[in-house]
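The following exercises concern one protein chain. Please work through each task with the sequence and the structure at hand before reading the solution.

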Amino acid sequence: MGAVPKSISGVLTCLFLLFCANCMRVKSENIEGKMKNFRVSVEAIVVQDHKILLTKRADDCKVAPGVWNVPAGKVEKNEGPLDAVLRECFEEIGLNVVVSHEAATRRHTIKVGEEDAERLYYTYVVEPVEANAEVILNR
């Protein structure tokens, strides 16, 4: 087997530190000293009536202030990505959803304030459980 590229190697190292190999639940919420600003996050592409829901981030957010995006958030300790996307949809937009399929998994560097931060994103296509469900945004 050839050498694993450095960028891929960093992600794999973090996955072994963060996830239980059997249940894919986050095992550690703090990996300081390994990759200080690394987080596993989820994104939800909410589809209803052939439309996709976008939300606008508050102007005072640390990450991507004022940006239009799909609902998203961090995977918490003892939580898997699928559980996280369901929780984030309910917390951020007040919808109970069902996952249609995983759309993508990607690694990305973002800015948090002035610092670079690494994210591993799991992106899912989801649909509201109830037809014509009302979106209730958190603040």
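This is a predicted model: local features need pLDDT of at least 70, side-chain atom pairs count only at pLDDT 80 or more; totals for chains, interfaces and linings use all residues.

**Exercise 1. Describe helix H2 (81–93): what is its span, which of its residues are buried, and what covers them?**

Solution. 
Step 1. H2 comprises 13 residues. From its first C-alpha to its last it reaches 18 Å, close to the 18 Å expected at 1.5 Å a residue.
Step 2. Apply the cut-off for burial, under 20% relative accessible area. The buried residues of H2 are Pro81, Ala84, Val85, Arg87, Glu88, Cys89 and Ile93.
Step 3. Identify the cover: S1, S3, S5, S6 and S7 are included in what covers these buried residues.
Step 4. Inspect the residue just after the helix: Gly94 takes a positive phi of about 70°.

**Exercise 2. Characterise the largest pocket by its volume and its lining.**

Solution. 
Step 1. The space in the largest pocket amounts to about 920 Å³.
Step 2. Its lining consists of 32 residues, and those nearest the centre are Arg57, Cys61, Val63, Ala72 and Glu92.
Step 3. Assign the lining to elements. Two or more residues each come from strand S1 (38–48), strand S3 (55–56), strand S5 (72–74), helix H2 (81–93), strand S6 (97–112) and strand S7 (115–128). S6 gives the most, with 5 residues.
Step 4. Sort the lining by class: 13 residues are nonpolar, 6 are polar and 13 are charged.

**Exercise 3. Examine Asp49 and His50: where do they lie, and are they buried or exposed?**

Solution. 
Step 1. Asp49 lies in the loop between S1 and strand S2 (51–52), and His50 lies in the loop between S1 and S2.
Step 2. Read the backbone angles. Asp49 has a positive phi of about 55° although it is not a glycine. For His50, also not a glycine, phi is positive at about 60°.
Step 3. Compare each accessibility with the cut-off for exposed, over 50%. Asp49 counts as exposed because its relative accessibility is 53%. His50, at 83% relative accessibility, therefore counts as exposed.

Terms used:
Residues are numbered from 1 along each chain as its sequence is written. Side-chain values use heavy atoms; hydrogens and water are left out. On a 1 Å grid over the protein atoms alone, a cavity is a set of points where a 1.4 Å probe fits but cannot get out, and a pocket is an open set with protein on both sides within 12 Å along at least five of seven lines; lining residues have an atom within 4 Å of a point. Grid points are joined across faces, edges and corners, and a volume is the space filled by probe spheres set on the points. Helices (H or I, at least four residues) and strands (E, at least two) are DSSP runs, numbered from the N terminus. Ala, Val, Leu, Ile, Met, Phe, Trp, Tyr, Cys and Pro count as nonpolar, Asp, Glu, Lys and Arg as charged, and the others, Gly among them, as polar. The expected span of a helix is 1.5 Å times one less than its number of residues. Buried means under 20% relative accessible area, exposed over 50%, partly exposed in between (1.4 Å probe, protein chains only). Contact means heavy atoms within 4.5 Å.
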